[in-house]
Amino acid sequence: MGQRRMQGKSLRKRWKVESVQMGDSFTALDFRSACGQFATGVCVVTGMLDNKSPVGVTINSFSSVSLEPPLVLFCLDKNALSFDAFSIASRFAVNILAEDQQALSNNFARQSDDKFADIDYQVTEEGVPVLENCLTVMECRMYAVHDGGDHQIIVGEVSRIRKQREDARPLLYFRGGYNALASD
Ligand SMILES: Cc1cc2nc3c(=O)[nH]c(=O)nc-3n(C[C@H](O)[C@H](O)[C@H](O)COP(=O)(O)O)c2cc1C
């Protein structure tokens, strides 16, 4: 026991660990800050409501899931205005943003019904809006929807990959702000 305690002590000393306990002192902000230490890319997920109204939302909760079949996921806030649209969509697209698309990210991160007003996009044969000038766009068929607390975990099977600007640099999100890769 003595040794264990010593190991803990020496670790704390070396790395100046500040721990936050579960319970009273574990706030939502602590949790959000901890998650913000994980750097991600930024995507806009797009779909079509009632075959006529394009919907889109900025997300950084994208993850690849499976190679066979090719599955990806994102998590959508149950309070998002686009929540109902994505819950019933049979298809959607994941548009991975480039470094110079921060304004596009901000556009799709606000609650508005005219997000597509000044945006360059095409509608695929399957009726899904896809944004122009992204790094890559993955078109997906809805595969599964799982509950995830105040979010819903939406899993899609990738049916087509559109390589748009694979040599461009990605837009990054870290500690609650946009970031870019360091230059070479
Ligand atoms: C960089 C970034 C990442 C975001 N990631 C997510 C996410 O993964 N899931 C989510 O539900 N909202 C996320 N949001 C917030 C939504 O984009 C925002 O709530 C948006 O207004 C939702 O649009 P809607 O209400 O029209 O559906 C993110 C916002 C930003 C700026």
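**View 1. The largest nonpolar core of this predicted model has 33 residues.** A nonpolar core is here a set of buried Ala, Val, Leu, Ile, Met, Phe, Trp, Tyr and Cys residues joined through C-beta atoms within 7 Å, and a residue is buried if 20 or more other C-beta atoms, placed from the backbone, lie within 10 Å of its own. C43, V44, V45, A93, V94 and L97 have the most contacts inside this core, to which several elements each supply at least two residues, including β2 (43-49), β6 (91-96) and β9 (136-148). Helices (H or I, at least four residues) and strands (E, at least two) are DSSP runs, numbered from the N terminus. The model is predicted, and local features need pLDDT of at least 70, side-chain atom pairs count only at pLDDT 80 or more, and totals for chains, interfaces and linings use all residues. Residues are numbered from 1 along each chain as its sequence is written.

**View 2. Seven strands form an open sheet with antiparallel pairing.** Their order is β3-β2-β6-β9-β10-β5-β4, and the edge strands, β3 and β4 (63-66), each pair on one side only, where pairing requires that DSSP finds at least two bridges between two strands. Between β2 and β6, which run antiparallel, there are four bridges, and T46 has A93 in β6 as its bridge partner.

**View 3. The shell around the ligand has nine nonpolar, six polar and two charged residues.** Ala, Val, Leu, Ile, Met, Phe, Trp, Tyr, Cys and Pro count as nonpolar, Asp, Glu, Lys and Arg as charged, and the others, Gly among them, as polar. Both β3 (53-59) and β5 (71-77) supply at least two residues each to this shell.

Note on methods:
Buried ≥ 20, exposed ≤ 12 C-beta atoms within 10 Å, placed from the backbone.
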